[in-house]
Amino acid sequence: MEPLRIGLIGYGGAGRGIHARLARETGQEVVAVVTRHRGDQVRADWPDARVLPDVEALLAEAGLDLVVVASPTGEHAAHVRAALEADVPVLADKPLATTRVQAAGLVRLAQERGGRLTVFQNRRWDPEQLTLKGLLDAGTLGRVHRFERRWERYRPEPQRRWKEEDPVSGGLLLDLGTHLVDSAVQLFGPVRRVHAELRALTTPAPDDVFLALEHAPDDDGHHVVSHLWAGGLVGAPGPRTRVLGERGAYLVTSFEGEPTPFAVLDDAQEAGRRPGEPVHEGWLVRGAERTPVPRAAGGHGDLYRALQAWLRADGPRPVDPADAVATARVLDAARVAAETGVAQLLG
């Protein structure tokens, strides 16, 4: 399949560290990059790519198959809108926008322009998420009543970037919270009630986040409750994921090398793993009984392969941008709930 010719807006942690890396991994071609200060990095990584001063110059380029918006979150809405109005397909890094109103406006515009918009919810392709989905689909846990996921770090000296400094478009609610909510909704369905606690402990933007989500009930009236944490001042992070069901629990003790006291369980398992035995992702737990669960195949590169199939071979869109609107609605409600102390009902 012919590689995608990609125009990339932003070449920082997201643009270079994630999108350019995945483009290279999957055989795509970055042909133009908008960046203010990282031109030398672009030229070193992609010698044939054009370094451009602004989005207007990028959209004047001929032959782009895709624009990837990896600029700071507060600029997403303007950059996505400009690309859509130029009739170029768009992959927007998450979150699509800072509010539901902004996100919904972009989705409407995309529909008017042929629907060529998707969102980089790459955590749907995490082996962690895929492994858990496989357990749920197989009914291994029985009826689930609680989902917990933590994205916690110990950074008493925070980095000084827009993500930490901008109280409107920065902070962990919009950053990690977007992933956490999307993961919960993908597994357990729409949210009907939101409770939240948000604090800024070491930065102007929120760095201590707790969300309690009540998902819509099934036909029998049963519903799942999701408890989601994101924190930057957590001396004892984890466990990463815990799912409680009537037939047992699923436990993920560590995630992406983040230090946690629970990692000793994984370390012991890996130290004793026999040749040919699959790598485990988590644990099926019933009281004192603990059984390793093999890791599902997959990774973030699969999102870029899905992008290529979507744009080259009429494959399905990787992520429906309407999902980003639903997530933004939950995050908007979380802000209100945290400010008022009153849980918010979503119709």
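User: Which residue in strand 2 stands opposite Ile6?

Analyst: Ile6 has Val30 opposite it in strand 2. The model is predicted, so local features need pLDDT of at least 70 and side-chain atom pairs count only at pLDDT 80 or more, while totals for chains, interfaces and linings use all residues. Residues are numbered from 1 along each chain as its sequence is written, and side-chain values use heavy atoms, with hydrogens and water left out.

User: In what sense do strand 1 and strand 2 pair, and over how many bridges?

Analyst: Strand 1 (residues 5-9) and strand 2 (residues 29-34) pair in the parallel sense over five bridges. Two strands pair if DSSP finds at least two bridges between them. Strands (E, at least two residues) and helices (H or I, at least four residues) are DSSP runs, numbered from the N terminus.

User: What is the strand order in that open sheet of six?

Analyst: The order is 3-2-1-4-5-6, with parallel pairing. Strand 3 (50-52) and strand 6 (117-120) stand at the edges with a single partner strand each, so one side of each has no neighbour in the sheet. On average, neighbouring strands of this sheet are turned by 25 degrees against each other, direction ignored. Axes here are lines fitted to C-alpha atoms, for helices over the stretch in contact, and angles run from 0 to 180 degrees between N-to-C directions.

User: How many residues of strand 9 are buried?

Analyst: Eight of the eight residues of strand 9 (residues 208-215) are buried, so the strand is largely enclosed by the rest of the structure. Buried means under 20% relative accessible area, exposed over 50%, and partly exposed in between (1.4 Å probe, protein chains only). In a regular strand, side chains alternate between the two faces of the sheet. On one side of strand 9 are Asp208, Phe210, Ala212 and Glu214, and on the other Val209, Leu211, Leu213 and His215.

User: What does strand 9 pair with?

Analyst: Strand 8 (residues 191-199) pairs with strand 9 in the antiparallel sense over eight bridges, and Ala196 has Leu211 as its bridge partner. Strand 10 (residues 225-231) also runs antiparallel to strand 9, joined by seven bridges. In that pair, Phe210 stands opposite Trp229.

User: Helices next. At what angle do helix 8 and helix 11 pack?

Analyst: Helix 8 (residues 176-188) and helix 11 (residues 321-340) pack at about 115 degrees, with their axes 10 Å apart. The two helices are therefore roughly perpendicular to each other. Angles under 35 degrees count as roughly parallel, over 145 as roughly antiparallel, 65 to 115 as roughly perpendicular and the rest as oblique.

User: Which residues of helix 8 and helix 11 meet?

Analyst: Gly177, Thr178, Val181, Asp182 and Gln186 in helix 8 meet Asp323, Thr327, Val330 and Leu331 in helix 11. Contact means heavy atoms within 4.5 Å.

User: Which residues touch the most other members of the largest nonpolar core?

Analyst: Val67, Val80, Leu96 and Tyr304 do, in a core of 55 residues. A nonpolar core is a set of buried Ala, Val, Leu, Ile, Met, Phe, Trp, Tyr and Cys residues joined through side-chain atoms within 4.5 Å. Helix 5 (residues 100-112) gives the most to this core, with six residues. There is also a second, separate core of 36 residues, including Leu132 and Leu228.

User: Is Asp126 buried or exposed?

Analyst: Asp126 is buried, with a relative accessible area of 5%. Asp126 is in the loop between strand 6 and helix 6 (127-138). Leaving aside neighbours within four places in sequence, Asp126 is in contact with Phe255 and His300.

User: And Ala78, buried or exposed?

Analyst: Ala78 is exposed, at a relative accessible area of 52%. Ala78 lies in helix 4 (residues 76-85). Ala78 and Ala97 are 19 residues apart in sequence and 9.2 Å apart in space, C-alpha to C-alpha.
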